[in-house]
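Subject: Handing over the two-chain model

Hi there,

Here is the structure I promised to pass on to you. Have a look at it first, and then read on for what turned up.

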Amino acid sequence: MMDTNAHLHIVAFACEHCAYAAADLAGGLRMQYPPQIKIVQIPCSGKLDELMVLGALEDGVDGVMVAG
Amino acid sequence: MSAVDRKNPTNGNNAPQPPVGAVMVVGGGIAGMQAALDLGDQGYKVYLVEKESAIGGHMALLDKTFPTNDCAMCNISPKLVDTGRHLNIEILTQTDVRQVDGDVGNFTVTVNCRPRYIDTDKCVGCDNCAQVCPISLPDLYEQGLKDRKAAYRLYTQAVPAAYAIEKLGVAPCRDACPAGQRAQGYIALIAEGRYREALRVIKEDNPFPSVCGRTCHHPCEGHCTRALVDQPVGIMSLKRFVVDYALAYGREKVEQVPRTRPEWVAVIGSGPAGLTAAHDLVKMGYGVTVYEALQVAGGMMRVGIPAHRLPKGVLQQDIDDILALGVVLKTDSPVKDPGALLEQGYDAVCLATGISTKDHSLGLEGEGALGVISAATFLRKINLGEPLAIGNRVAVLGGGITALDAAAVARRLGAQDVHLVLDRPRGELPAYHWEVASVEAEGIHLYEKIAATEILERDGKVTGVVLAETGKGMAKDASGRRKPKIKDGTEFSIEVDTVIGTVGQYSDLNYLDPRFDELSVDRKTLACDIPGLFVVGGRKTGASYIIEAVALGHRVADSIHSYLQDGIAVAAEKSAPPVVKYTRQEMQDRVLKGEIQLAPKIEPILLPMDERVTSFREVVLGMTDQQARREASRCLQCGICAECLACVYACDVNAIDHEMVAYEEKIQVGAVILAPGYQAYNAHLSEEYGFGRYPNVVTALQFERLLAASGPTQGHVQRPSDGATPQRIAFLQCVGSRDQDHDYCSAVCCMYATKEAIIAMEHHPELDIHVFLMDMRAYSKGYLGYYRRAREHYGIQYERCRISALHEDTVRHDLILHHVDESGKQQVNRFDMVVLSVGMEISQSVRDLGRRLGVELDEYGFCHSVRFNPIETSRQGIYAVGPFREPKDIPESVVEASGAAAAISARLADSRFTLTTRREYPDEKDISAEPAQIGVFVCHCGSNIAGFLDVPDVAAYARELPGVVHAEDLLYACSQDAIDQITQSVDEHGINRVVVASCSPLTHQPLFQDSIRSAGLNPYLFEMANIRNQCSWVHSFDRDLATTKARDLVRMAVARAANLEPQQTFDVPVESAALVVGGGAAGMTAAINLAEQGFPVYLVEREDELGGNLRHVLTPLPALNGDDPQHPQEVLDTLIERVTHNIHITVHLDSKVIATRGFMGNFTSTIQTASGARSEILHGATILATGGQEYRGPEYGCGTDPRIVTQHEFENLLVNHKLKIKNLKSLVMIQCVGPAEEFCSRICCTVALKNALALKEQIPEAQITILHRDIRSYGFKERLYTRARELGVLFMRYDDRHRPQVNVNNGDLTIEAWDPVLRKGVTFEPQRLVLSMPAVPDPDTNQVSSLFKVPVDADGFFLEAHVKLRPVDFATDGVFMAGMAHYPKLLDETIVQAQAAASRAARILSRDTLTAGGQVAVVDPALCTGCLTCVRVCPFNVPLMQSDLTGVGEIIGAAYIEAAVCQGCGSCVAECPARAIQLMHYTDTQMGSKVRALTKPEAAFIPLEAVHES
């Protein structure tokens, strides 16, 4: 599955207080997930506005995930 | 032990010394960390002492916290990082406090620092050591549910992040070995099939593994702990196996060691000592020549040991390896004048000629006859292939291994009758029993405890030998040699034609030039009186066994090295680590517990007999892989760490040092805080619950780990017996609490069981969970609602029953519980899992600590404290916080920690900032005119990143990105040399923005920012790409994809970096005064503390007198824990006196705060008196202590009849109107009145118990019934409950369906209640009814809340910033709370909380300035429409509308965000409809370029100027 979708880009905006730290922990535990996901650290999920999400889609990312 | 003195800050004169501005905090759990952070922030140096290898305590192993179900790690992790990076906090891990001398203000604390074996400054936490460590042991952090390695990190997020090695000491096998061979180490590696590594560690200590694997006298096995269980491990055979394996599968080529030192050393003699010395010296870089008198090297190993025991090729293998290192060997080169070698230019000469070749006398008559030969000569001739004839009948005389060898050789030479005459029983030979048996099996006649008395001869030829039995003891013969005594009359003779005698062989130096006759040799250094000449050998310093010779070789090499380096030979003083010893009993216990399985030793296979006596083929055959691994697995791993050195080889940063030893240190501090925490009750002791026997009975801490996503099952709840998901789970409460052995309540178990049940339900909603409990102790903020949710939303069943025992279905491992339900029916239930809610205890080590420090403890080890100075111990200057005082929850521990910090600060204030440090940086470079010049540093993290993706490729890729002027890869970017390298590169390459692609910014960003600040760059010109935690580790199965993603992440980071701008921070001055609102116990306590710290305090009280609710508390709680409760009114008087006499406190009575503005450090408030007079004050912090009051409502007839009173009123009757109640014979109390049905008011049960006991004291026959929902006498308050029951107070439970009914009819007061035990209604006709009214917030709370813009919760109490970890802080910086306004609480709890609030305020007030700016939101007023959205969304109430600003379209007023208090979350930025706000460091350009770089690299890299222009 990973191979066929290798060209995809999914941006995950992650709050540095929780979701970003959780992703770090997932790494520490060597949990595997698809490499198409690129995590972008934000100071708080409250910082994320619609324009940022839409802008990302406009720029051509295939999916946006917000975690916080 | 070495003692290190910290810099003593006190001077020597007699003037009153200022206190030491340092504090020691003992215990690195959440309370210890909080105390350390508060004190560190307030300007004190803090030593945080932790017994484990990392801080974090119990909270670090929790999955979630109640009542918010927050992730515990998410909460504690920032505290861990803050503590770890705090400049004023020094963390001492694996450290115990031994003693405290001196007095408050000037203590000297002696601590013992146990070795970690890993240098925390060097370790980068890469995990290499753990990956290669062969030792597994139960992971105690995971509660034994999985294993970890001896090289370990306590948990993933541990601080310090450095690993540690668990080592008890030196294993007895190593200790017994003269050469210190790390036997446990190579055995551990063999057990894992890592044979080459095993050989590597053997060779660390012994260059003759092939020889010692065959012929060692193996004292290691004699000391092997396994002998206490069955038989010792076959250590020697295992060593041989490794050598055989290497030989069979190709030896690794030995590389020549480069010469790094100019000196040459000559070694005379190529025996084990000489060659070992040569081996060591060549490895140190010296040139070495070995002179050997014979044609072949090897000394006694070659000429003294027969080939059937040590094949010549095997020996040669070891010698060849030594020579391959670069040792020059000169055979046929006898040296008689070592002095001449020194003159020739050798810098040192080592005489290692060992055993003399001269034959010594047997001391027997007839020994001169033909046919008598010494064993040494005999074996030498055979080994050198020299001609030798022996007869057909041979007697071998002796008692050692040489005699065995000689007999076996004689047999192989064809002798038919070989008599082996041993002067001792065979068991006393330094040989395996099978070696003796083997010789016997070869047809040799064995005589035990027989010695020769005479050799018979005829015509000068041997004809026989006279033998006799030996007796006890030894006697000296004519020549002075010790021989066994002979039993008279036991003589007999045998006929032989050859006698081979063994005599004690020893070395002598008689062959030397006579001028060396009187050499004097130092036993330790082996140096002699001729400079440069060293002697191994001679009677004094000779060796009996090969391994002893090897040890001497090492010693002389070290000695020669020190001579060559320093001109004088000094024996290295090695501090001896402890040797691990076990008793037979300890081992037998482990066998009984099933920890050790009996397994016989695997004996080697021997050559078939017919081949044996006809050839010199090796008798002992090797082991197979399987046999070796099985034998190796018998090792009991005495030292835990095996010292296999695998970690040393694996560590790329040289951080491991197995030679570390414990040391003592003396530290000067002004005060000590004890926060040692609790230990969970050992559930094994409650045998009735089968813990340890039934696999599916677990403790609550184990269950916590099963729930944790980071736990052993990744958060899947599984039965330990079969891994299945359970369907039905039972929680048993009060295991180790509220029982015959524990007369206290552990205060947290009801809630953590509820939490675990809820979380389990969230994982598996179909679960059926039953909690068996006595009372639900949901007594604190938010607890009751949480408990309700557990029942009503999650369907968790709470059964009021204490389970007395359970048993197991042995087939399915289900647990079967019997209990009587509330309807009185016997129930039998089957559960898949049972969780034991274990209580809190104080560990033995903490009790010992308390005793060593002279702190009074109770019988359970809890620390005695003064009731209204609760955190003080019996020793002045030593404070106790957390469960060490009384079982308690996290927020209360945190409150106490801050409270202790405040109490200490009041004592040490004069020495604030005397021992603290600041980091200095160079001036910042102005880069505004420069284009982005980015440096990229890509980290390998050892193999953590480089093992899963192509790091050099990523670095090369980065080099080509726009704006990048330099890119390189680093082995460990966070190691000190790499940090320096980054700093240097910034200078060298003109870098003005830095990207580090490595691990997480959450842990490492501050470190790298520091390094670029040291190079003069603004810290905001930095960006990280997380290519480890979020790339290499999570995509470890596809190197290409991981590399591609790493490139993407680096490109994104570079794009953002190109757009980064320096952010300026600035200092804002701080007003050092505090405003305290509320003059009750809380307000006064906070005011006094701050004033004693030297800060001016404005204390505002609405009434015309101080005291608040405390005025209504007329009796103290009885003594609970050895304390001597002061009367509350005396406490009140003292507080008022201290307030009014303190010059720093200004009291405003009859006054209110009517306005306040400003921000942390800079508030302005207006105080108005009742008369309307106003004054304005400036203050840096605010404490709100506005209190609460007893609820008044119509419930249960309150106010309708004088016989119905509240607890306050009843207390007043008990104290002030004793006559009115002197005939009181029957009384009912009803708990949980009115609002208390919605929230637990915490104190009512305790107050009811207090008053019931007081009445019982006055009128013992009074019949008291307490109608309650649960008796919530948490902690030691349980003792009041016990005492009340003992005195006959009746307790009857009611629930929401059966509330008591109060009727006042025709003068009769009746109460109808439902008795759940009898299952019928009962009617009471008491003389009085006492209603336990809850404490509710003061009616003014709402007003105060809106004035100070602080929130209240659903019940009207102030809402803290975080219920667990910031229990006295408001979300608004600089504003704090204490007392009943926060939640109902007892007086002692109020006092501590007020001190905690003072501590939090002092963190601000103690600083001259606060740093502001950086990552903050900035409003462009020209775009602001004044819509108030930002004001509304800010969680911290920061944005304000300012009328002096001009908004869009020139409207008056625009939003203003004070940089000093903005938290930088950016919520306002996202919500602002006019896009008038930008978050600095996270601008739209910076964020946008990062995302765009992922998909549209060409668009993302538009130069910054272009973006600005557009």
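**Where the chains meet**

Chain A and chain B bury about 3,600 Å² between them, with carbon and sulfur atoms giving 62% of it; buried area here is the accessible area (1.4 Å probe) that two parts lose on being put together, summed over both. On the chain A side, A:Q32, A:K47 and A:D59 lose the most area to chain B, together 17% of what that side buries.

Before going further, some ground rules: this is a predicted model, in which local features need pLDDT of at least 70 and side-chain atom pairs count only at pLDDT 80 or more, while totals for chains, interfaces and linings use all residues. Residues are numbered from 1 along each chain as its sequence is written, chains are lettered from A and ligands numbered from 1 in the order in which they are written, and side-chain values use heavy atoms, with hydrogens and water left out.

Counting contacts (heavy atoms within 4.5 Å), chain A brings 41 residues to the interface and chain B brings 44. There are three salt bridges between the two chains, a salt bridge being a side-chain nitrogen of Lys or Arg within 4 Å of a carboxyl oxygen of Asp or Glu. One salt bridge joins the side chains of A:D49 and B:R1475, at 3.3 Å from N to O.

Strand 1 (10-15), helix 1 (19-28), strand 2 (37-42) and helix 2 (50-58) of chain A each supply at least two residues of the side that touches chain B. Helix 1 of chain A gives the most, with eight residues. Helices (H or I, at least four residues) and strands (E, at least two) are DSSP runs, numbered from the N terminus.

**Chain A by itself**

From the N terminus on, chain A runs β-α-β-α-β. Its C-alpha trace spans about 30 × 30 × 10 Å along the principal axes. Of the 68 residues in chain A, 51% are buried, where buried means under 20% relative accessible area, exposed over 50% and partly exposed in between (1.4 Å probe, protein chains only). Among contacts in chain A with a separation of 6 or more, 80% join residues 24 or more positions apart.

**Inside chain B**

B:R1272 is buried, with a relative accessible area of 2%. Its side chain reaches the backbone oxygen of B:M776 at 2.7 Å and makes a polar contact with the side chain of B:D1270 at 3.2 Å. Leaving aside neighbours within four places in sequence, the contacts of B:R1272 include B:Y779, B:L784 and B:C1240.

B:L784 is also one of the buried residues of helix 25 (residues 783-792) of chain B. The cover over the buried residues of that helix includes helix 24 (749-763) and strand 33 (797-800) of chain B.

Happy browsing!

Key: A polar contact is a pair of N or O atoms within 3.5 Å; within protein, one must be able to donate a hydrogen and the other to accept it, and residues adjacent in sequence count only if both atoms are side-chain atoms.
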